[in-house]
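Here's a quick briefing to read with the model open beside you. Take a look at the sequence and the 3D view first.

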Amino acid sequence: MTVRVRYAPSPTGDPHVGNIRSALFNWLYARHTSGTFIVRIEDTDQARLVPGSLDAILDALRWLGLDWDEGPGSDAPHGPYVQSERLDIYRKHADWLLGEGKAYHCYCTPERLDAVRKQRQKERQPTGYDRRCREPNGAAEAREENPNLPVVRFKMPTEGNITVNDFVRGEVTFDVSLLDDFVLLKSDGYPTYHLANVVDDHLMEITHVMRAEEWLPSAPRHKLLYEAFGYEMPVLVHLPLILGPDRSKLSKRHGAASVLEFRDMGYLPDAMFNFLALLGWSLDETSEVFSKDDLIKHFTPERILANPAVFNIEKLDWFNGLYIRGMDDSALADALLPWLEDDEHGLPASARPVDRAYLASIVPLERERLKRLSEAPEMLSFFFEERLDYDASLLVPKGLDADTTRAMLEAALATAESVDDWSVGALETAYRALAERLGVKTGQLFGAMRVAVTGRTAAPPLFDTLSVLGKERCVSRLRAALAAL
RNA sequence: GCCCCUAUAGUCUAGCGGCCUAGGACGCCACCCUUUCAAGGUGGAGAUCGCGGGUUCGAAUCCCGCUGGGGGCACCA
């Protein structure tokens with residue numbers, strides 16, 4: 001039997017990292033088993049639809065490289081893959097249950113349902129529908145109060161236990177008497193999640209349902225529904241939730257929660273992929289840097305954890321730095337270019353456009369200093385700006401005064417002007433000799449020069465920087481520094 | 001309020017009865033490298049394995065209770 005798994009997002013908001021992590025696990029499992037990864041859009045709540053949300057979700061999948069074999073845009077045989085285009089299917093299934101006496105119409109108003117719920121909670125009883133419409137008399141009564149279109153409710157057994165098997169947690173038992181007759185079809189003709197997901201998973205021949213743990217409590221309803229239809233139930237794999245630093249479900253409240261936000265913060269898709277894969281899954285006691293292929297090779301649901309994981313952005317930063325360091329000059333330059341050229345957050349207009357070859361020469365100097373691509377404009381700005389803006393007092397090294405610094409920089413300028421070979425090695429030789437000749441510590445000379453040439457105290461190694469900047473820029477910056485002193 | 005899940009350092013985790021004086025990683029600290037910052041290297045602090053009972057010759061590992069944390073309880077998914 002070939003594995004068929006699905007990611008079933010609802011286009012009601014941003015592609016939340018927890019949500020996308022579910023997609024990622026499903027995808028990995030499908031690829032690991034050479035199975036099929038399906039994307040199904042669960043847009044059955046018309047009121048909550050958010051325009052643009054579907055595109056954002058698909059963008060997030062594409063960004064991470066989670067390609068789907070069946071889904072929106074594919075004409076595979078199990079479609080359509082958008083639930084709002086499958087309404088007749090759900091209606092038929094609901095009708096069948098109605099005909100079998102396994103479901104019934106309910107005319108109760110939301111107001112009454114709400115009142116019942118409150119009353120039950122007050123009585124320390126489990127909240128839930130009181131089944132008034134399950135009896136003909138009750139239904140007639142309710143219908144008189146509310147002649148509008150009814151919903152269809154599932155007729156749950158009223159007693160006994162039901163045990164569902166979760167692949168991660170094992171057997172989980174629920175007391176059926178505590179579960180109510182849930183809604184299958186809403187009065188607007190749309191199905192609820194419960195109906196739609198059971199029907200579709202069956203029709204689409206899903207073999208494994210891997211979804212977030214928040215669904216575990218509704219698993220017994222689903223099991224009963226599968227039984228009512230006479231369908232075989234897929235394997236249930238409930239994934240641990242991803243929490244924020246305060247240990248509640250990760251949300252916007254914690255800062256970024258959307259995968260697209262992380263993309264926009266300068267994280268690399270492969271770093272994000274690796275990081276997310278390790279939230280709720282691990283291979284062994286030491287492995288943690290995984291390429292996509294490694295993950296496909298090693299990912300198995302047996303290694304999925306049951307306990308929730310806190311989203312640790314510091315570790316994401318580390319992963320991102322690691323992946324940045326692993327990029328070659330050309331790839332990193334390509335990745336950096338759009339960030340530098342960005343009108344809003346990129347380099348100042350006067351420093352653009354960026355010369356691609358010049359950028360490529362800068363990359364080796366900054367690669368190991370970058371944690372996020374978004375840091376590039378700030379971190380690399382001095383390479384591109386015509387005029388540096390900094391506090392002149394930074395030019396004076398510890399242990400020296402302004403006059404000696406001036407003399408030192410004048411000598412540095414003279415040396416620069418006289419050096420023809422602008423290579424790293426030649427520059428280093430020349431300036432080490434100069435420090436000795438002036439009787440200053442190399443750190444003092446190099447420090448003052450670093451500020452003069454970069455405008456900052458923290459920068460890549462001096463001679464590499466001088467070399468990349470080129471003689472002309474260095475000379476003029478040394479002059480400007482002298483003028484500012 | 002009712003139901004369910006869960007519990008190893010600040011965080012992600014290894015561990016599935018003896019190999020554990022609990023391993024790895026992020027973060028943190030120190031040192032080394034060094035012209036600064038990183039990166040890298042080395043070392044270190046940090047967990048009475050939530051607590052209390054069992055079971056067993058032996059428990060982080062199995063069982064029960066408690067406590068903590070989380071999730072669910074819609075004509076939302």
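This is a predicted model: local features need pLDDT of at least 70, side-chain atom pairs count only at pLDDT 80 or more; totals for chains, interfaces and linings use all residues.

Residues are numbered from 1 along each chain as its sequence is written, chains are lettered from A and ligands numbered from 1 in the order in which they are written, and side-chain values use heavy atoms, with hydrogens and water left out.

**Around the RNA**

- RNA strand B is surrounded by 67 residues, counting any residue with a heavy atom within 4 Å of the strand.
- The closest are K186, E368, R369, R450 and A459.
- That surface splits into 29 nonpolar, 14 polar and 24 charged residues; here Ala, Val, Leu, Ile, Met, Phe, Trp, Tyr, Cys and Pro are nonpolar, Asp, Glu, Lys and Arg are charged, and the others, Gly among them, are polar.

- A polar contact is a pair of N or O atoms within 3.5 Å.
- The side chain of R153 has an N or O atom 3.4 Å from a phosphate oxygen.
- For S187, a side-chain N or O atom sits 2.6 Å from a base oxygen.
- E368 uses a polar backbone atom, 2.4 Å from a sugar or linking oxygen.

**Helix α17**

- α17 is mostly covered, with 10 of its 13 residues buried, meaning under 20% relative accessible area (1.4 Å probe, protein chains only).
- R450 is one of those buried residues.
- Among the elements covering them are α14 (376-384), α15 (402-418) and α18, where contact means heavy atoms within 4.5 Å.
- Next after α17 comes G455, with a positive phi near 80 degrees.

**The β5–β6 hairpin**

- β5 (residues 161-166) and β6 (residues 170-175) run antiparallel and share 6 bridges; strands pair if DSSP finds at least two bridges between them.
- A hairpin of 3 residues links the two strands.
- N165 has E171 in β6 as its bridge partner.

**D59**

- D59 is in helix α2 (residues 53-64).
- D59 counts as partly exposed because its relative accessibility is 34%, between the 20% and 50% limits.

Terms used: Helices (H or I, at least four residues) and strands (E, at least two) are DSSP runs, numbered from the N terminus. A polar contact is a pair of N or O atoms within 3.5 Å; within protein, one must be able to donate a hydrogen and the other to accept it, and residues adjacent in sequence count only if both atoms are side-chain atoms.
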